[in-house]
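I opened this notebook to record, entry by entry, what I looked up in the structure shown below.

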Amino acid sequence: MESHVVQLVQLCLNGIAIGAIYALVALGLVLIYKATEIINFAHGDILMASAFVGWGLITIAGLPFWLAALVTMLLAAALSYVLEARVLRVIVGQPQFAGAMLTLALAFMLRGAVSMAFGPTSRTFPTPWTGQTTHLGPLVIADLNLVILVAALVITALLFFFLRRTSVGISVQAASQNQLAAYLCGIPVKRLNSMVWAMAGAMAAVGGLLLAPIALVDIGLWYVVLKALAALVLGGFGSIPGAIVGGLLIGIVEQLAGVYLPDGFKDVMAYLVLIGVLVLWPRGILGEAHGRRV
Amino acid sequence: MSYLAVEHLGLQFGGLTAIRGLSFTVEQGEVFAIIGPNGAGKTSVFNVITRVFEPSAGRVTLRDREITAIPRHRIAEAGIARTFQNIELFESATVIDNLLLGRHRFSHGNPLAQALRLPSACRAEDHSRGKVEEIIDLLDISPYRNSPVAGLPYGVRKVVEIARALATEPELLLLDEPASGLNPEETRDLAFWIDDIKNDLGITIVMVEHDMSLVAEVADRVLCMNMGGVLALGSPEEVRAHPDVVAAYLGV
Amino acid sequence: MRFPYNTSYRDAQKLLRYRADWLAYGLLAAVLIAAPWILPRYYVGEATYIFIMCVASLGLMVVTGFTGQISFGHAAFVAIGAYTHTLLLTAGVPFIVSIILAGVFTGLIGLLVGLPAIRVSGLHLAMVTMAFAIIVEQIVGRWKSVTGGFTGIPVPPPRIFGFDLGAQKPFYFLCLAVLLAVLAALVNLLRGHAGRAFVGVRDSEAAALSLGIWIAGYKVLAFSISAGITGIAGALFAHHVQFVTPEGFSLLLSLELVIMVMIGGLGSLRGAVFGAVFISLLPTAISAMKPFLPDRVAGQFGLETFVFGLVLALFILFEPMGLNGRWLKLKSLFSAFPLYRKDTFRRGKTYMKSERYR
């Protein structure tokens, strides 16, 4: 193979790995959006906090990686559950904007709390795959990237099975279509909403634990939520497959921009895509049609 | 020529046909009622006339002027005002502000003149206020003048919506189910107001209505729609006695 | 309790109708004029900063509070205003011309950013504006030949007709004057024809269209006015910091502005001022509290962020109408004193209403 083709494929592979994390975060956002119609700006901060907790469990408490991951996921799920049940439920029925602002407030609080607890320095923790690579012909793939991809695929598959095949999942879908009607049909909407938040929280924790080894354990990790929003918009807001497609595409576009476009484009590529898609093509790749009856 | 003419109108959403080949005319100064079962396309006709929907076929003319060529926000300038089936008021604003918004199409000076509160802008404001007070008197809503709309009873909100439509000084008024949700007493008041609007203000009224007693009382002619087309057209008595209408309503 | 007794339509439009209003606002004016001689130096600077933030939050209030379009990117307009003004001053343009041009130019940029608002609304628009602000921040940081990059550029002192207004007291009054001018213009604009149209666009697009309100036009107009005012705030901000760097205009500033209008109470100019005062004073209040906090908490970096979040959360949960809402409630409590009912402003039970199909 020629070298620039190899480079292109290599970039795409790296992009897919980072895109898988965007997709994972976007998936959590879309899940929460579908169930409670809130855009959870705190999602990135839950991810960031999870990375810090994971770091603490591994390097300070000395837990093995898998156990630490499990505990972190449970903690993130519990936190999200409590946030939904105790905080966000208070403002049900108020405009969407209020919900978004409330999650923004929670995001600030989490960010402040983590910053107070751990200080401003970045850190890193070892994973079973750190430093290992797999060679595939001329391509070099970090094992960590493979793990990220597999984890994203597994979670997506589980989520699909849950929403399509289990009765609880179908109740969640019903509640997301019409909360009042679902409630009147005897679906425990409140509990389901909290549960969906908990699931999204656990997914954020996975995202945090996988992103941290690539990008350091740092307060700035919450920024990934902005990339995930771009992914959601590109894929079509409110669509689960769209979140995945959008996440992967954003990851790839960013990697390519870093090499083929002038300096500085890599950082803003996701936002350029976001603006472009919303202005020219608001439905995104797999989004639903909009419209309102009078 | 007819005053308002709807010619061979068609409206489709994807595979769904809401209106098919609909034609009718409305004469100036009459009260024209459109009745028909749910989903017959009545409100869609209003939405085409007020340019909410783009028709897929046919045209609508008012005094021989093609409406389908006017941009949506110029419909009020063309002299057409409407109310909505599910009240669309400006909830956070007061009744008087809602009505003043009805007078939006009349110039109040450019934004700079408004920001500096030049005398011209003040005079325009006073003039609008005077016009709005006339409508408040006509429809008897002065007790609610300064209340926010959100807290008013349903019947009052319906009337405020009609008042707001009148504030645009229309020559054609489209009322979408004006009596739905009103109690019998309010419906009777409404009948008188419709008469007043027609006789005193000289406004032509087209209304979609389910309440047949109201239709029989105020309408000069009635169009019964079904499946997006004309089922019957004539005086209220003729339409009510029409065998197809009876069949459509009773489902025979 | 007072009952309005109008004998002409003009009566209803008066801003200061009662002697009590004249007294209250007169007192406020006296305090503001005397302040630079009473307050310690540090607080005069602080007050100046508050005036600047008031102008910016008034700008954001026009678009978010009145037309209901959410912007998470107003820091970009502050930045554009600040840099335009600085560059014009450096090029030798007189202060008054320069600040007006900065406002107009930012308003034009706002016009461009407002165009997407025709197609997207709600939180989607919030995302567009946020993305715009992030991109502007990057451009400002990288366009070294014009903006000086991350090292920044110095701001020439404000001079009007040969008088240097850069010293603390003159600058205080300059900012106060600009704030009052902006406030007066907005009060007039928003209680009249254009303001009603903004509210109409916010509350029901369908009805607004049927009344002949050109929605796209008004949305863009609101965006443009808002950006222009925020740009003027940016020009003053440049003088306040005396050295403009991209760090001053981060996403955090955008969010602070949103928090100001939110906490102040959406849809009221008084709220914008309340919110700006409250949020601008918060860091000062936190540092004043620090000696009383345990060292472990007080010395930490994230305390301010945490308190910001906490205050915002408490307002959304317990006082969604913001400081202005609280103000109105207190007023009605006093005016109706013995007859006040505890549940007057109680919210009814609600369930989620989908905004997905708006």
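**Entry 1: the sheets of chain B**

In chain B I looked up an open sheet of four strands, which follow the order β2-β1-β4-β5 with antiparallel pairing; two strands count as paired if DSSP finds at least two bridges between them, and strands (E, at least two residues) and helices (H or I, at least four residues) are DSSP runs numbered from the N terminus. At the edges stand β2 (16-26) and β5 (65-66) of chain B, each with a single partner strand, so one side of each is left without a neighbour in the sheet.

Before going further I noted the ground rules: this is a predicted model, in which local features need pLDDT of at least 70 and side-chain atom pairs count only at pLDDT 80 or more, while totals for chains, interfaces and linings use all residues. Residues are numbered from 1 along each chain as its sequence is written, chains are lettered from A and ligands numbered from 1 in the order in which they are written, and side-chain values use heavy atoms, with hydrogens and water left out.

I then followed one pair of strands in this sheet: β1 (residues 4-13) of chain B runs antiparallel to β2(B) and is joined to it by seven bridges. One example that I noted is Gln12(B), whose bridge partner in β2(B) is Thr17(B). Helix α1 (residues 42-49) of chain B lies across β1, β2 and β4 (57-62) of that chain, and runs at about 70 degrees to β2(B); axes here are lines fitted to C-alpha atoms, for helices over the stretch in contact, and angles run from 0 to 180 degrees between N-to-C directions.

I also looked up an open sheet of six strands in chain B, which has mixed pairing and the order β6-β7-β8-β3-β9-β10. Its edges are β6 and β10 (229-234) of chain B, each with a single partner strand, so one side of each is left without a neighbour in the sheet. On average, neighbouring strands of this sheet are turned by 20 degrees against each other, direction ignored.

Within this sheet, β7 (residues 172-176) and β8 (residues 204-208) of chain B pair in the parallel sense over five bridges, and Leu172(B) has Thr204(B) as its bridge partner in β8(B). Two helices were worth a note: α5 (residues 154-167) of chain B lies across β6 and β7 of chain B at about 160 degrees to β7(B), and α6 (residues 184-199) of chain B lies across β3 (31-35), β7 and β8 of chain B at about 145 degrees to β8(B).

**Entry 2: where chain B touches chain C**

How many residues of chain B are in contact with chain C? I found 34 residues of chain B in contact with 30 residues of chain C, contact meaning heavy atoms within 4.5 Å. The two chains bury about 2,900 Å² between them, 58% of it on carbon and sulfur atoms; buried area is the accessible area (1.4 Å probe) that two parts lose on being put together, summed over both. His73(B), His104(B) and Arg117(B) supply 23% of the area that chain B buries against chain C, more than any other three residues.

Between chain B and chain C the count is one salt bridge, a term for a side-chain nitrogen of Lys or Arg within 4 Å of a carboxyl oxygen of Asp or Glu. The side chains that meet in a salt bridge are those of Glu125(B) and Arg196(C) (2.8 Å, N to O).

**Entry 3: where chain C touches chain A**

Here I found 51 residues of chain C in contact with 57 residues of chain A, with a buried area of about 5,000 Å², of which carbon and sulfur atoms give 73%.

The rule finds two salt bridges across this interface. Arg142(C) meets Asp263(A) in a salt bridge between their side chains (3.3 Å, N to O), and Arg142(C) also forms one with Asp267(A), where the closest N and O atoms are 3.7 Å apart. Asp267(A) lies in helix α11 (residues 265-280) of chain A and Arg142(C) in helix α7 of chain C, so the pair joins two chains.
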